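Trainee: Hi! Could you walk me through this one?
Mentor: Happy to. Let's open it up and take it piece by piece.
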Amino acid sequence: LVFHFQTLLDNFERTVIDDSRLADRPAEIFVGRMFKMEIWEPMLMSMRVGEVAEFWCDAIHTGLYPIVSKGMRLIAQGKDPLEGQKHMCGMGNLFHYHSTGFPELDEIMRNPQPLIFVMELLQVGDPMSYHRESWMMEKDEKLQKVPVLHMQGNVLVKQKQFREAASKYKEAVLLLKTVQSREMPGDVDYINLGRMIVPLELNYCQCMLELEQYYEVIEHTTELLEKHKDCVKGYYKRAKAHAAVWNEKEARRDFNMVAELDITLAALVRREMKALSERMKVKYTEEKEQYWNMLENMEGNSKEEEEEIHDEEKKKRDKEREKKQSDDDLESGTTATKAGEKNGSVEIKCVEKEESGEEKVTPSEGFKEEENSSVVKLYACDKIEGKDWQQMLRLVMLLQDEGNFLIKEQRFQEASAKFKEALEYVDFLQNKQVDQHGEDWESLEKVRLPLSLNLSQCMLELKQYQEVVELNGRLLKSHK
């Protein structure tokens with residue numbers, strides 16, 4: 001009998017417990033085969049094909065419904081309703097596990113109650129024309145069908161129809177496991193059925209390898225090897241699956257087990273290990289190139305961001321410089337430029353335009369730089385504002401303190417700008433103001449060291465690794 005059904009609670013809301021239409025497949029029972037819900041047979045046999053009827057059933061008829069519902073839900077999911085049960089009757093299994101796995105069914109089991117069934121009879125068929133599923137077969141029928149499925153799977157493998165072959169092997173395994181669940185563990189029949197399952201499982205795993213379903217192979221072979229620890233083919237197929245998903249350590253372990261269990265396969269194992277090593281080398285090289293490309297992209301992006309920030313800072317400082325120059329006491333729009341060095345101080349000269357259009361350099365008078373003026377970006381020696389070396393040293397100390405504070409605030413981009421600016425002042429003083437082999441040069445080098453290290457820390461936090469490499473490469477030449 002083929003039918004759809006709804007199961008409702010006998011309450012005001014008529015709560016729906018099950019609906020076969022939601023599973024996209026109707027239910028089926030064979031009349032006279034002792035179906036657990038015995039009341040369903042007379043209910044359906046009282047109906048005509050196409051009829052829809054509602055039945056109210058007392059609790060005396062619904063006690064086994066939680067077991068029936070659980071089985072039908074598992075069948076709708078493509079699972080064996082007997083899978084995982086121990087060697088006992090259905091009610092025994094129910095009490096052994098204390099739960100059906102579905103809260104609404106557990107509630108009905110704890111509190112037997114009347115239920116309402118809405119049935120729609122779709123078809124009454126000939127039993128001989130029906131393809132019976134495994135759970136409906138007797139033990140002998142299942143055992144007779146296993147070799148047929150095995151042979152069909154082998155034929156499909158030769159035709160390279162691996163997915164269809166896998167389904168045949170899986171169905172055969174399911175039949176054998178169902179029969180095995182009815183035997184007592186440790187009995188001869190139980191052990192023999194387990195041995196019959198092994199080649200079918202291995203064939204299924206081979207199909208999964210061909211279909212590149214490697215994690216499923218690992219899962220099935222691991223389960224198989226827990227019961228059959230000397231299965232060489234199980235170790236070999238699991239090793240192949242591990243190798244395919246880059247599990248080098250696990251693959252080598254399983255390959256070694258293959259060689260240990262069967263010495264005649266040692267040459268095969270050596271070839272597989274060699275191939276695995278070559279594949280891992282290629283993978284390592286590819287990952288290394290990908291990693292460095294990623295770093296270069298990150299570095300390029302960070303440099304672009306830094307250039308944008310520097311451009312904004314330059315514009316801002318240009319405006320401040322123009323404002324400052326307008327307030328200066330300089331005459332005829334002169335600009336300060338560096339002319340020479342005398343006794344450790346910088347002589348400032350002014351450049352003014354003559355009528356001929358040529359520039360003439362004259363000493364400036366009264367030019368003063370406020371000590372609290374904002375720090376400016378150093379672009380070239382001839383663009384530096386008029387600061388003597390003492391003012392520059394004070395600015396270096398000020399920039400270092402500001403950078404350290406910004407690091408504590410985790411404002412690494414701003415801190416790195418401070419340290420870079422301080423290092424540019426140090427560079428200028430070392431190159432233009434002091435003797436390269438004198439004590440002042442060495443003192444400035446000691447100032448450079450913490451600035452460079454702090455800048456490196458900021459670059460690490462900003463993931464600008466290539467800049468860190470270059471900066472510390474230069475630093476280590478002087479500070480080994």
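Trainee: How many residues does helix α5 have, and how far does it reach?
Mentor: This is a predicted model, by the way. In it, α5 covers residues 139-158, which makes 20 residues. From first C-alpha to last it reaches 30 Å, close to the 28 Å expected at 1.5 Å a residue.

Trainee: Nice. Which residues of α5 are buried?
Mentor: They are Lys142, Lys145, Val146, Leu149, Gly153 and Leu156. As a rule, an α-helix has 3.6 residues a turn, so residues three or four places apart point the same way. Keep that in mind as you look at the list.

Trainee: And what do those buried residues pack against?
Mentor: Two other helices: α6, residues 162-180, and α7, residues 188-210.

Trainee: What happens just after α5?
Mentor: Lysine 160 sits there, and its phi is positive, about 60 degrees.

Trainee: Which other residues have a positive phi like that?
Mentor: Glutamine 410 is one of them: its phi is about 60 degrees although it is not a glycine. You'll find glutamine 410 in the loop between α12 (389-408) and α13. Lysine 463 is another non-glycine residue with a positive phi, near 60 degrees. Its place is the loop between α14 and α15 (465-478).

Trainee: Is glutamine 410 buried or exposed?
Mentor: Glutamine 410 is exposed, because its relative accessibility is 61% and the cut-off for exposed is over 50%. Lysine 463, at 45%, counts as partly exposed.

Trainee: Switching to strands. Is β5 mostly covered or open?
Mentor: Mostly covered. Strand β5 spans residues 115-123, and seven of its nine residues are buried.

Trainee: Which strands are joined to β5?
Mentor: Strand β1 (residues 2-9) is joined to β5 by eight bridges, and the two run antiparallel. Strand β4 (residues 52-57) is joined to β5 by six bridges, and that pair is antiparallel as well.

Trainee: Which residues are bridge partners there?
Mentor: To give you one from each pairing, glutamine 6 has valine 118 of β5 as its bridge partner, while valine 52 has glutamate 120 of β5. In general, the side chains of a regular strand alternate between the two faces of the sheet.

Trainee: Okay, charges now. How many salt bridges does the structure hold?
Mentor: It holds 15. One of them joins the side chains of glutamate 201 and lysine 177, at 3.7 Å from N to O. Glutamate 201 lies in α7 and lysine 177 in α6, so the pair ties together parts that are 24 residues apart in sequence.

Trainee: Are those two residues buried or exposed?
Mentor: Glutamate 201 is buried, with a relative accessible area of 7%, whereas lysine 177 is partly exposed at 29%.

Trainee: Which residues form a network of salt bridges?
Mentor: Asp18, Arg73 and Glu104 are linked that way.

Trainee: Last one: what does glutamate 414 meet?
Mentor: Its side chain meets that of arginine 411 in a salt bridge of 2.7 Å, N to O. Glutamate 414 is partly exposed at 39%, and arginine 411 is partly exposed at 37%.

How values were computed. Residues numbered from 1 in each chain as written. Predicted model: local features only at pLDDT ≥ 70, side-chain atom pairs only at ≥ 80, totals over all residues. Heavy atoms only, no water. Helix = DSSP H or I, 4+ residues; strand = E, 2+ residues; numbered from the N terminus. Expected span 1.5 Å × (residues − 1). Buried < 20%, exposed > 50% of the residue type's maximum accessible area, 1.4 Å probe, protein only. Contact = heavy atoms within 4.5 Å. Pairing = 2+ DSSP bridges. Salt bridge = Lys/Arg side-chain N within 4 Å of Asp/Glu carboxyl O.
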